[in-house]
Amino acid sequence: MAFELPKLSYDYAALEPHIDAKTMEIHHTKHHQAYVDNLNKAIEGTELEGKSIEEICKTGTDKTPVRNNGGGHWNHTFFWDILTPGGSKEPGSKEPVGNVKQAIEDFGGFEKFKEVFTEAAKGRFGSGWAWLIKNANGELEITSTPNQDNPLMPVAEKQGTPILGLDVWEHAYYLNYQNRRPDYIGAFWNVINWDKVEEKFNESNSTF
């Protein structure tokens with residue numbers, strides 16, 4: 001079956017004032033839809049047709065349209081999933097919960113984690129993503145990737161299972177924040193679904 005644009009579990013305006021409704025609508029219905037459409041065209045009639053998006057990302061294909069659009073589809077599907085209007089189910093919680101909370105403590109604590117993650121997001125030159133991943137040793141690492149690459153891909157500087165990610169392409173924030181990427185990164189901490197991050201942490205089983 002062809003890939004399809006996933007539905008969001010919240011309204012486009014639900015993340016305001018941190019991420020505005022117009023940006024969310026354009027990001028989802030235009031940018032993500034384009035990745036889905038172009039990916040389907042790129043894999044039609046090839047050995048990749050019928051494979052999961054995770055399998056396509058891990059294949060390490062050198063076919064640029066597949067790499068770019070496959071990454072674009074996987075990355076955005078992941079991104080929508082870890083965002084929520086209310087953060088964790090715990091009222092007012094803006095910090096990690098459960099096992100991922102302990103892993104972040106082992107990493108050096110939440111404030112250190114925020115600082116390193118923020119620097120990865122700010123320091124990604126041009127378009128790309130910042131990631132928190134679980135590596136093959138079950139440890140947390142922070143990394144970033146250019147364009148629509150992700151840590152599932154063999155080309156990634158650090159491979160592992162993403163459990164948190166931030167889109168730092170300008171289309172993710174420019175309508176509201178213009179060139180103020182640090183302000184957008186700061187706002188991101190208000191809309192993270194830490195329950196979902198915890199779920200991804202517990203389900204991850206990196207084999208890199």
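A: Here is a walk through that part, going from the annotated span to single residues.

Keep in mind that this is a predicted model. The UniProt record, an unreviewed entry, puts "domain: Manganese/iron superoxide dismutase C-terminal" at residues 98-199. That span is 41% helix and 21% strand, and its end C-alpha atoms lie 9 Å apart. For the N-terminal counterpart, the record lists residues 3-83; there the chain is 59% helix and 0% strand, with end C-alpha atoms 22 Å apart.

Now for the packing. The largest nonpolar core has 57 residues, and the ones that touch the most other members are L83, F113, F117, L164 and W194. At least three residues of this core come from each of domain 1 (21-82) and domain 2 (98-202).

Setting aside neighbours within four places in sequence, F113 is in contact with I104, F107, L132, I142, L164, W189 and W194.

Two of those partners, I104 and W194, turn up again where helices α4 and α8 meet. The axes of α4 (residues 98-107) and α8 (residues 194-203) come within 7 Å and cross at roughly 80 degrees. An angle of 65 to 115 degrees counts as roughly perpendicular, so that is how α4 and α8 sit to each other. On the α4 side the contact uses G98, N99, V100, A103 and I104, while α8 brings W194, V197, E198, F201 and N202.

Next, W189, another F113 partner. You'll find W189 in the loop between α7 (181-188) and α8. Is W189 buried or exposed? Its relative accessible area is 7%, and buried means under 20%, so W189 is buried. Not counting residues up to four places away in sequence, W189 touches K94, F113, K114, F117, T118 and W194. By contact, then, W189 meets F113, F117 and W194, which are among the core members with the most partners.

Last stop: T143, in strand β2 (residues 140-146). T143 is buried too, with a relative accessible area of 6%. Leaving out residues up to four places away in sequence, T143 touches A120, W129, A130, W131, I133, P151 and K158. From T143 to D183 is 40 residues along the chain, and their C-alpha atoms are separated by 20 Å.

Technical notes:
Residues numbered from 1 in each chain as written. Predicted model: local features only at pLDDT ≥ 70, side-chain atom pairs only at ≥ 80, totals over all residues. Heavy atoms only, no water. UniProt positions renumbered as here; feature names shortened; annotations may be inferred. Helix = DSSP H or I, 4+ residues; strand = E, 2+ residues; numbered from the N terminus. Core = buried A, V, L, I, M, F, W, Y, C linked by side-chain atoms within 4.5 Å. Buried < 20%, exposed > 50% of the residue type's maximum accessible area, 1.4 Å probe, protein only. Domains from an automatic or database assignment. Contact = heavy atoms within 4.5 Å. Axes fitted to C-alpha atoms, helices over the stretch in contact; angles between N-to-C directions. Parallel < 35°, antiparallel > 145°, perpendicular 65-115°, else oblique.
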